[in-house]
Amino acid sequence: MKGGRGIENPAFVASSPDTPRRPTASPSSVEASVLAANTQRADSQPPENQELQKSPEPPLPSATGPGSPERPGPESGSEFEEGPCGWGTFQPACLQRCNTPQGFLLHYCLLALTQGIVVNGLVNISISTIEKRYEMKSSLTGLISSSYDISFCLLSLFVSFIGERGHKPRWLAFASFMIGLGALVFSLPKFFSGKYELGSLLEDTCLTRNRTGCTSSSSSLSSYLYVFILGQLLLGTGGTPLYTLGTAFIDDSVPTHKSSLYIGIGYAMSILGPAIGYVLGGQLLTLYIDVGMGQRIDITEDDPRWLGAWWIGFLVSWLFAWSLILPFSCFPKHLPGTAKIHEGKTCQTHQSKSSLQQTDQNFGKSFKDFPAALKNLMRNTVFMCLVVSTSSEALITTGFATFLPKFIENQFGLSSSFAATLGGAVLIPGAALGQILGGVLVSKFKMTCKNIMKFALLSSVCALVLSFVFLYASCENEPFAGVSESYNGTGALGNLTAPCNADCNCMRSYYYPLCGGDGVQYFSPCFAGCKSSVSKRQPKVYYNCSCIARKIEISPTAASSRFEARAGKCETRCTNLPIFLGIFFTAIIFTFMSGTPITVAILRCVNQRQRSLALGIQFMLLRLLGTIPGPIIFGVTIDSTCILWDINECGIKGACWIYDNIKMARMLVTISVICKVITICFNGLAVFLYKPPPEGADVTFQSQNSVVTTVSVECDLNKSRNG
């Protein structure tokens with residue numbers, strides 16, 4: 001501390017709630033207010049504190065341009081631009097009902113819901129359709145999915161640093177615009193690529209035919225990859241202020257004990273968004289891709305050539321996101337009552353030698369201060385421990401969100417669609433319930449920063465114990481011809497081709513599982529040697545299969561109740577599915593129960609002026625260390641358990657068809673335990689290292705009528721008083 005100079009918080013630009021501008025405070029009035037505040041804080045003061053009062057207060061700069069902050073007079077008692085809801089002089093009374101934390105939370109939830117619907121719902125469910133329509137490899141569509149996180153990582157630090165000093169609701173209006181624009185751009189390839197042309201239907205039965213040669217072709221349709229990437233980059237640009245500045249604004253506008261509840265509700269809506277996106281996208285995929293163009297088609301969804309109308313959901317989301325631009329733009333810079341709320345808040349900033357000691361009242365207003373602010377946060381050990389713990393959790397959650405349906409499908413012999421439905425039914429409600437429950441408990445018991453971290457630690461320990469459920473759910477693979485079972489004693493294991501199907505010239509890249517009457521599963525009707533089928537029955541049935549042992553010849557008629565094989569996987573003998581889903585649902589609740597508390601703890605343990613930047617760092621590292629490598633690590637791990645690969649006519653390895661179930665379960669448990677242990681260790685380290693302000697020091701974010709001081713400096717003043 002140098003002299004007795006008041007240190008302004010540049011995060012807030014002062015203005016009266018009722019009038020656009022007020023006269024600036026004179027030096028004498030500011031000094032008097034500081035003296036009054038200090039007199040009320042303590043009856044006796046140390047000599048160094050008396051010197052602070054006697055030191056002359058430097059004159060505060062007057063207002064300059066519209067971008068320069070102005071100080072209110074002492075009569076205003078506020079450093080916040082509280083004001084009515086509206087645009088300029090147009091401030092209708094009906095809008096003032098929304099000028100509350102609840103009104104802002106409603107619009108925040110709608111935007112978070114829209115972002116979740118598009119980014120984690122519609123994009124994911126449309127990827128396979130986009131692959132087929134625009135003839136892209138999976139590696140290219142993986143780049144599309146990663147583009148959102150890349151954009152978020154590149155912009156999160158700069159947006160959070162610049163936006164902390166700006167008008168946060170207007171930043172969210174900008175977020176609404178970018179999310180809507182990204183959704184619109186993502187749908188554009190549909191309108192420029194022309195009509196979808198149906199190819200010839202591939203026969204799935206055994207026919208004596210010549211083997212097709214290796215052919216490779218390139219299509220101009222794949223150039224639309226760059227349009228999809230641009231759409232994802234725009235969506236990432238819109239998501240950045242939503243989860244950094246929006247969260248900080250909510251924390252600004254409500255009392256400390258309610259902050260966790262509001263943030264938990266907002267985060268829960270962002271989790272429900274993907275569920276709605278999957279349901280909406282799934283229904284739209286039942287419509288033909290060129291619906292509304294007057295084209296008659298004679299195929300159904302069961303035809304492998306069918307492509308659904310993936311693009312409609314993006315247009316709906318575009319319109320809905322842009323409808324939120326006006327509501328966000330009408331909110332004031334700070335909601336009414338923000339100053340009073342801040343007067344009642346106490347400092348919980350982590351006390352360390354690296355705490356921000358910057359006394360320059362202009363610190364943070366220039367982008368030149370960005371490196372110093374970033375360095376200060378990176379040296380906050382408690383903050384960094386919490387960031388690493390959330391990144392470890394994000395790695396697990398994104399990995400399971402991507403591959404849980406695949407695990408359920410292979411372990412319990414279910415169809416891909418039903419496994420995806422079950423996975424979503426467990427993940428989405430469990431995650432949303434965990435976020436809300438964590439926020440409610442922290443709010444209910446009015447936990448301090450240290451108790452919040454202890455609560456998150458306990459939740460992580462419970463989730464670690466429950467993660468061993470994958471060992472209980474592991475089931476042995478069902479008999480599979482050519483993989484774990486021979487073709488009636490002929491052929492070799494590991495080779496799908498046997499004497500009974502050698503003349504069929506089957507394609508290994510066409511996986512259409514078939515369950516034989518002998519209880520053995522076959523790769524496709526062709527590899528089972530089936531020569532005829534009846535498609536009027538559901539599921540489709542096959543006859544005259546040379547690879548399936550039969551006693552009598554069966555005639556292929558729709559009325560016949562006997563058949564040699566039916567479409568689909570054989571029923572599994574594993575009966576642990578209900579118990580597995582119940583325990584895993586509980587594990588998801590405990591995993592996400594720590595999400596909201598950790599975010600609140602981050603907001604509490606860092607300097608008041610750096611909360612938005614702290615969230616920016618958190619989300620950047622969360623993506624770099626968690627959501628980006630998570631699916632990659634899970635994918636590589638699961639691929640290591642593959643026992644049957646797709647190999648096309650050119651000898652190029654594609655997707656995995658069959659996995660070793662036992663090995664897969666063990667590998668997933670290993671990843672879960674490692675990440676959970678990392679989470680617990682860093683959560684525990686944060687609890688151990690955290691040093692709150694001295695007890696009994698009533699440290700507030702704002703003195704009564706004085707200029708707002710930097711939190712860590714205020715905490716140091718009170719520490720010296722109690723020393």
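Predicted model: local features only at pLDDT ≥ 70, side-chain atom pairs only at ≥ 80, totals over all residues.
1. Residues are numbered from 1 along each chain as its sequence is written, and side-chain values use heavy atoms, with hydrogens and water left out.

2. The protein has 23 helices and 7 strands, where helices (H or I, at least four residues) and strands (E, at least two) are DSSP runs numbered from the N terminus. Of its 723 residues, 55% count as buried, a word that stands for under 20% relative accessible area, with exposed meaning over 50% and partly exposed in between (1.4 Å probe, protein chains only).

3. Rings of Phe, Tyr and Trp (its six-membered ring) pair if their centres lie within 6.5 Å, and planes under 30 degrees apart count as stacked, over 60 as edge-to-face and the rest as tilted.

4. A search of the whole structure gives 34 aromatic pairs. One of them is the tilted pair of Y243 and F619, with 6.0 Å centre to centre and 40° between the planes. Because Y243 belongs to helix α7 (residues 225-243) and F619 to helix α20 (residues 611-627), this pair ties together parts that are 376 residues apart in sequence. Both Y243 and F619 are buried.

5. F470 and F580 form an edge-to-face pair, at 5.5 Å centre to centre and with 65° between the planes. Since F470 lies in helix α17 (residues 469-473) and F580 in helix α18 (residues 577-593), the pair ties together parts that are 110 residues apart in sequence. F470 and F580 are both buried.

6. Charged side chains also meet rings, and a charge sits over a ring if NZ of Lys or CZ of Arg is within 6 Å of the ring centre and within 35 degrees of the ring normal. The charged end of R623 is placed over the ring of F152, 3.8 Å from its centre, and R133 lies over the face of Y134, at 5.4 Å from the ring centre.

7. In helix α19 (residues 595-605), 10 of the 11 residues are buried, so this helix is largely enclosed by the rest of the structure. The buried residues of α19 include T596, P597, I598 and R604.
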